[in-house]
2 protein chains.
Amino acid sequence: MRYFEDFEIGRVKRVGSVRVSREDIIDFARRFDPQPFHVDEEAARASVFGGLTASSCHTFALSALILHQSPDEIALVANLGAEVKFPNPLRPDDEIALTNECIAKRVSKSRPEIGIVTTKTILSNASEESVMNMTSSFMVQQRPPTSG
Amino acid sequence: MRYFEDFEIGRVKRVGSVRVSREDIIDFARRFDPQPFHVDEEAARASVFGGLTASSCHTFALSALILHQSPDEIALVANLGAEVKFPNPLRPDDEIALTNECIAKRVSKSRPEIGIVTTKTILSNASEESVMNMTSSFMVQQRPPTSG
């Protein structure tokens with residue numbers, strides 16, 4: 001687990017990656033965001049994207065999945081807020097890697113056992129194009145004291 | 001369909017609503033964001049939320065679903081960018097309503113058949129608490145000329 005003490009301002013951490021298939025993109029979009037360029041190969045080719053792209057909701061969900069699958073998952077108490085942007089589309093068979101950088105941290109005034117951390121998260125494809133940029137703040141546990 | 005001409009700066013439009021069940025919240029979170037307070041009723045009660053809450057990824061996806069289900073779906077060409085915030089959690093059996101307000105619009109310089117629109121979208125629960133605020137810009141088709 002990644003506790004408050006493990007966040008160091010300015011350190012960029014590569015958290016993990018995931019590959020997204022054409023089927024994953026279409027399945028997700030059919031359920032939540034069935035725009036032609038997310039679900040229909042032919043319509044997508046005729047669109048400004050020139051091919052199938054993932055729903056930005058799907059891209060956002062995949063960032064949560066990568067964070068969860070990391071061996072040192074954040075000891076999260078609660079998310080406080082996030083600003084998310086999607087500069088480039090995510091396409092079928094893209095392998096996307098997530099890095100995050102701690103840009104601020106402090107101990108909670110009202111709950112000193114809790115820390116508040118702000119990170120910048122970037123999700124990029126194999127061509128190093130960003131498919132999602134997020135600045136988020138969250139409450140995180142302090143490392144529990146070791147017994148003995 | 002809602003074309004470029006149909007967006008009027010300053011007009012707030014109630015687009016639609018959706019109700020989210022406990023099962024929906026747990027299913028989505030198991031797949032993408034299995035934090036204890038999204039998937040485990042008992043752990044959620046012990047968390048700062050005092051009960052189960054939806055993943056913010058799920059909240060975001062539901063906003064896309066409401067927009068799609070609207071009888072006058074936006075004649076979208078492409079999303080250009082969005083800033084999303086989640087001021088309050090979404091809880092089981094919440095009915096959430098989506099409103100949006102056009103805050104800017106212009107014709108594309110390079111493609112005069114396309115318009116560029118910026119909207120503020122608010123997703124609120126029955127207590128009028130916002131569970132998501134989004135400012136987004138997108139390319140939208142102009143109304144096709146009627147023949148005859």
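This is a predicted model: local features need pLDDT of at least 70, side-chain atom pairs count only at pLDDT 80 or more; totals for chains, interfaces and linings use all residues.
In helix α1 of chain A, residues 22-32, the buried residues are I25(A), F28(A), A29(A) and F32(A). Viewed along the axis of α1(A), these buried residues stay within an arc of 95 degrees, so they line one face of the helix.

What does the face of α1(A) turned away from its buried side carry? That face has the exposed residues E23(A) and R30(A).

On the buried side, the packing partners of α1(A) come from both chains. Its buried residues pack against α2 (36-39) and α4 (56-69) of chain A, and also against α4 (56-69) of chain B.

That brings me to the two α4 helices. α4(A) and α4(B) pack with their axes 9 Å apart, at an angle of about 170 degrees. Angles over 145 degrees count as roughly antiparallel, and α4(A) and α4(B) are therefore roughly antiparallel to each other. Chain A contributes C57(A), F60(A), A61(A) and A64(A) to this contact, and chain B contributes C57(B), F60(B), A61(B) and A64(B). By type, the residues of the contact are 8 nonpolar, no polar and no charged.

Next, the core. The largest nonpolar core has 48 residues, and those with the most contacts inside it are C57(A), F60(A), A61(A), C57(B), F60(B) and A61(B).

To finish, one residue from that list. Setting aside neighbours within four places in sequence, F60(B) is in contact with C57(A) and F60(A) from chain A, and with V84(B) and M132(B) from chain B.

Notes: Residues are numbered from 1 along each chain as its sequence is written. Chains are lettered from A and ligands numbered from 1 in the order in which they are written. A residue is buried if 20 or more other C-beta atoms lie within 10 Å of its own, exposed if 12 or fewer, and partly exposed in between; C-beta atoms are placed from the backbone. Helices (H or I, at least four residues) and strands (E, at least two) are DSSP runs, numbered from the N terminus. The arc is that of the directions from the helix axis to the C-beta atoms. Two residues are in contact if their C-beta atoms, placed from the backbone, lie within 7 Å. A nonpolar core is a set of buried Ala, Val, Leu, Ile, Met, Phe, Trp, Tyr and Cys residues joined through C-beta atoms within 7 Å. Axes are lines fitted to C-alpha atoms, for helices over the stretch in contact, and angles run from 0 to 180 degrees between N-to-C directions. Angles under 35 degrees count as roughly parallel, over 145 as roughly antiparallel, 65 to 115 as roughly perpendicular and the rest as oblique. Ala, Val, Leu, Ile, Met, Phe, Trp, Tyr, Cys and Pro count as nonpolar, Asp, Glu, Lys and Arg as charged, and the others, Gly among them, as polar.
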